[in-house]
Amino acid sequence: MNDALAAPSSLGMDAAALARHYRALDQAGIDIEVVAETGSTNADLLARAAGLSRPVLRVAEHQTAGRGRAGRSWLSAPGSALTFSLAWHFAGPLRELAGLPLAVGVALADALGALGVPVQLKWPNDVLRDGAKLAGVLIETQAAPGGGVWAVIGVGLNLLMPDDMEQRIGRSVAAAPWLAQMDRNALMAQLLGVLATNLGQFAHGGFAPFCARWNRLHAYHGLPVVIIDRAITLHEGVAAGVDDGARLLLDTAGGRIAIVAGDVSLRVREH
C-alpha cells in the first residue's frame, strides 16, 4: 500500500493516516493517494489506467472540474464535500458492468446507514437524503491492456452545504453535517472498506445479488415519474423498481417497460 503520497492537509487528510485506518478494517491491496486539489479525480485515474496494476483510491479535498453524469459539473466548496475516485479492475467485458452504478449506490447506502445517515437511492446513480441529493456516482471505463476493464468509480458526497453553493447549484441539495464532524481519514476508510467488499461481490455475481437490496432503498417506488432526454419526455408511468439487469421498471398506460440507463433523467411527475 502506498502510504506517503501527500502531507497532512488543513482538514487532517493524508494518505498515511487513511491507510492506517483502512488496515485497521483488515483491508489491503489498494494504493491510496490524497491531494489538496485537482481538476477531477476521475480524469486523473483515467489518464493512468493503462499503467495500473492494482486498485487505486485518489481523494481530493477540492475538485475544480468535478464531473457528473451526461457532462454535468459537480460543484463543491473546498472542505465541504468528500470527493474521490476508485480505479478497480474487472476481468469480464464492459457489458457485464451495466449495473455497477446501482451496486455502488447500494454500497454507499450501507456504509452511510452504518454511520447513522439513512439514505435512499434514485435510479441510476444518486444517493438521496430526505428527498434531496446527498451523493452522486460517476463511472467511467477504459479497456485494460492485459484484458478486462478498468472502472473508475467517482463519488461526490456532500458533508456541508454553504448557502452560496446551494444557490450556484440551483436546486435543493442535502448535506450530512454529522459526518463532517468525523475524522475525514476514518470516514473515507469506512466507505472504502464497504466499497471494496461490494465490488468484490459484484465482480463474482454481477448486479443480481444487489437487486433486492437496491429495491428496498428505492426512493421513487410507486411514484408517478417521467423519463427525460434533453428536455424531451420519452416515457411516463409509475416507478416499479429495477430488475436483475439494473433496468428501471416502469408501469405505463401500455404496460410494463424496462428502461436502460444512459444519459436519460428520471423525475417525479408534477401534477
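What follows is a chat about a predicted model of one chain.

Me: Hi! How many helices and strands does the chain have?
Reply: Seven helices and twelve strands, in this predicted model.

Me: And what share of the residues count as buried?
Reply: That would be 51% of the 271 residues. The chain exposes about 11,900 Å², and carbon and sulfur atoms supply 51% of that area.

Me: Let's turn to the open sheet of seven strands. What order do they come in?
Reply: The order is β1-β2-β3-β7-β6-β5-β4, and the pairing is mixed. At the edges sit β1 (31–38) and β4 (120–122), each pairing on one side only. Neighbouring strands are turned by 20° against each other on average, ignoring direction.

Me: How many bridges join β3 to β7?
Reply: Ten, with β3 (residues 81–90) and β7 (residues 149–158) running antiparallel. Within that pair, Phe-84 stands opposite Val-155.

Me: Nice. Which strands does helix α3 touch?
Reply: Helix α3 (residues 100–114) packs on the sheet and touches β3, β4, β5, β6 and β7. Its direction makes about 135° with that of β6.

Me: And what about helix α6, which strands does that one touch?
Reply: Helix α6 (residues 184–205) touches β1, β2, β3 and β7, and its direction makes about 30° with that of β3.

Me: New topic: is Thr-41 buried or exposed?
Reply: Thr-41 is buried, because its relative accessible area is 2%, under the 20% cut-off. Thr-41 lies in helix α2 (residues 41–48).

Me: Which residues does Thr-41 touch, leaving out those up to four places away in sequence?
Reply: Arg-58, Val-59, Ala-60, Gln-63, Phe-84 and Ser-85.

Methods
Residues numbered from 1 in each chain as written. Predicted model: local features only at pLDDT ≥ 70, side-chain atom pairs only at ≥ 80, totals over all residues. Heavy atoms only, no water. Helix = DSSP H or I, 4+ residues; strand = E, 2+ residues; numbered from the N terminus. Buried < 20%, exposed > 50% of the residue type's maximum accessible area, 1.4 Å probe, protein only. Areas by Shrake-Rupley, 256 points an atom, 1.4 Å probe, with all protein chains shown as cover. Contact = heavy atoms within 4.5 Å. Pairing = 2+ DSSP bridges. Axes fitted to C-alpha atoms, helices over the stretch in contact; angles between N-to-C directions.
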